Amino acid sequence: MTDAYTDAFTDAPSACPACAATPMARRQAAAAAGEAQAGRVMLSLPEIRCAGCISGVEKALAAEPGVRSARVNFTLKRATVETDPGVTPARLVAALDRAGHAAHELDASALSMTETDRAGRDLLMRLAVAGFAAMNVMLLSVAVWSGAADATRDLFHWISAAIAIPAVIFSGRPFYVSAWGALRKGRLNMDVPITLAIVLAVGTSLWETSLSGKHAYFDAAIALVFFLLGGRYLDHRTRAVARSAAEELAALEVPRAWRVAEGREEEVRVGDLAAGDLVRVKPGGRMPVDGEIVAGTSELDRGLLTGETRPVFAGPGQAVSAGEVNLTGPLEVRVTAAGRESSLHRMADLVAVAESAKNRYTSLADRAAGLYAPGVHILSALAGIGWWLYTGDLRLALNIAAAVLIITCPCALGLAVPAVTTAASGRLFRHGLLIKDGTALERLAEVDTVLFDKTGTLTLGTPEVTGLDAHARDDLALARALAEGSAHPLSRALAEAVAAQGIAPVTLEAHREVPGYGAEAIWQGRTVRLGRADWVGAAPGETTAAWLGVEGRAPVAFTFADRLRPGAREAVDGLKAAGLQVALVSGDAAPAVARFAASVGIDDWTAEVLPEGKAARVEALHSGGAKVLFVGDGLNDTAALAAAHASISPATALDAARTASDIVLLGADIAPLAGAVTTARSAVRRIRENFAIATWYNVIAVPIAIAGFATPLAAALAMSASSLTVSLNALRVR
Amino acid sequence: MEVLALLIPVALVLGGIGLAAFYWAVRSDQFDDPEGDARRILDDEYDDSPRGD
């Protein structure tokens, strides 16, 4: 299966004879390795856009030795690669990078594609069978409605029965299973009246047909199943798309760590680490576990855990927690808690408890079903009993009871919510917002207060130099020279800012980086340093700063502010314009928060808030009757995210935070946030309208059915018309 | 009306063929990547000879 590449090159005799030989050798190698266990690598291709890219990516992958086959799924922007054992994903990513395609490795175990897939196909198949049967039965019914009589009518009814009964049994299974599940727990859900309507319609129709009666509702029974399955399928698709996108985000973080054992380093899964292991964390890497530093000095970015923007010093003996980012030097960490025991996981457990609170929210559909299901049963039973007492004719009474159940068909109700949520989540997805939870839209529409986290949410969590003009040109040139070549975020920001002013760096000697402290060099015979305050010889200040020290001179400070996330101001303004209260709660120091709040236009801010404090603030607002939307990204936000009425996190957030939130912002721009609230409100308005439409149909149709004037034709018309109106209304979501 | 004896089975068989074709299409992963398939058809890579798996 390396043929995608082979064909392209063997067909045209190439200028390079060796090229023809390598694929053959590769094919033999592949055949030899065939018995060995094959690997499967999933790659995410976020930037694939054109038709040419598909074959480009497939060719580039197939050209790598050890690749058996590669297939791009353009819809999911993902490539699946079957490889020989021992082919590392990193090599494939590098190969694609050389070919000009950005790719990221996905953790295949975090993707449960097949599971969702099977359920989706199952529904699609049932929908197809119901559609096929409905069309054929409708054709026969049209003949009956237009006046077929006697033997012809009976024949048509029997054929309809022969098509409809097996189709209803097969296609309606999801409803029967769900109805039975609800009844066993002693509850009523929407599927109970649906099942009853189907069973009663088919049963009385069969009885009528055997007595060569005039009215048979086979067409209504199968059409009911078809429309309802349509709603179910829409619902499933929306959720499947959201789930697969959410899984992809989780899968992008492949949990790997470098374990040091007997002087060798090996790459292992984080899940395989145990307490007592020695782990090496490279600069730029995230702590996979809780532990204690054994060797190395560096600086740690704790932004995701605490919201602090200032990097903290890290040296031997210091405790670290999972989720912190190592900035400068390599660290060796002795694992104290891994996997389930680590602080990250303990936080996730907290979230799991809090989520049950969110599950207490009853969706509009459930509330409607709670009113509708008992009402319909009582109405239909009363109609049946009334007619039986009045005429003493059980057959007529049953027929009318069935007609009432079918006419009040929950078709429109079954479509009312999924049609709107599909339209609304599709719209939001195009704006870069991923709806993870079924009731998230409804809850988002109800919020009246927005709480923002600062670091990583309204800011990007990357530093930006402030007040550069206040410095002498010579200092800037020196600072650029020292900062260049360092991977530390502050150094990089400083070097870029100075370079942007067109100031050339000075020439240095003996330049070296001291992990955890800064950079040092010799300049014109004097020692120069750029780094932490205490190392350069200055008193640490309130703001994030890098100090430049020249031997024999007082050190100068370069101050930094967190870079504003694009669209932050628009989002805040938009939310205010929508009539929401906006507040900022941050774990960062007060001066930084105050300055930032003023710059985005938030008057209500709180600084140095602990994680519990954020959740407590949400609870306090809730008990005051407010509905809170929490927007946050860090570990310190997870409890608040879970406790809030609705929650949003950016895609760069920690996995735990994304899991806890209902909506994930996929892009870097946060501006769509304001639009999301408006869309959610509009969606809920449409859902309510849909319920109103469905109710009006019933108000008109039910008396007709109870009076005994309902015919199968009227039932079919009412059902189709209400389903269609509801679906069209859903498309008006703005 | 005798024509019904012919027309009804014909209608059912034709519909059944459509259903079977749909079943086959679902089973053979043809709805997995609708966007990709729409673009792959524009690719002239396998115009002269099919992909030999």
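Buried residues make up 46% of the 734 residues in chain A, where a residue is buried if 20 or more other C-beta atoms, placed from the backbone, lie within 10 Å of its own, exposed if 12 or fewer do, and partly exposed in between. This is a predicted model, in which local features need pLDDT of at least 70 and side-chain atom pairs count only at pLDDT 80 or more, while totals for chains, interfaces and linings use all residues. Residues are numbered from 1 along each chain as its sequence is written, and chains are lettered from A in the order in which they are written.

Chain A holds 26 helices and 26 strands, which are DSSP runs numbered from the N terminus (helices are H or I with at least four residues, strands are E with at least two). Of the contacts in chain A with a separation of 6 or more, 69% are accounted for by residues 24 or more positions apart; two residues are in contact if their C-beta atoms, placed from the backbone, lie within 7 Å.

| Domain of chain A | Residues |
|---|---|
| Domain 1 | 3-106 |
| Domain 2 | 256-341 |
| Domain 3 | 422-460 + 565-682 |
| Domain 4 | 462-564 |

The C-alpha centres of domain 3 and domain 4 of chain A lie 35 Å apart, and their contact takes 8 residues from domain 3 and 6 residues from domain 4.

Helix α17 (residues 473-483) and helix α18 (residues 489-500) of chain A pack at an angle of about 135 degrees, with their axes 8 Å apart. That angle makes α17(A) oblique to α18(A), because angles under 35 degrees count as roughly parallel, over 145 as roughly antiparallel, 65 to 115 as roughly perpendicular and the rest as oblique. The contact is made by A:L476, A:A479, A:R480 and A:A483 of α17(A), together with A:S491, A:L494, A:A495, A:V498 and A:A499 of α18(A).

Turning to the other chain, 23 residues of chain A are in contact with 23 residues of chain B. On the side of chain A that touches chain B, the largest share, 9 residues, comes from α5(A). The residues of this side divide into 15 nonpolar, 5 polar and 3 charged, where Ala, Val, Leu, Ile, Met, Phe, Trp, Tyr, Cys and Pro count as nonpolar, Asp, Glu, Lys and Arg as charged, and the others, Gly among them, as polar.

Definitions and conventions: Axes fitted to C-alpha atoms, helices over the stretch in contact; angles between N-to-C directions. Domains from an automatic or database assignment.
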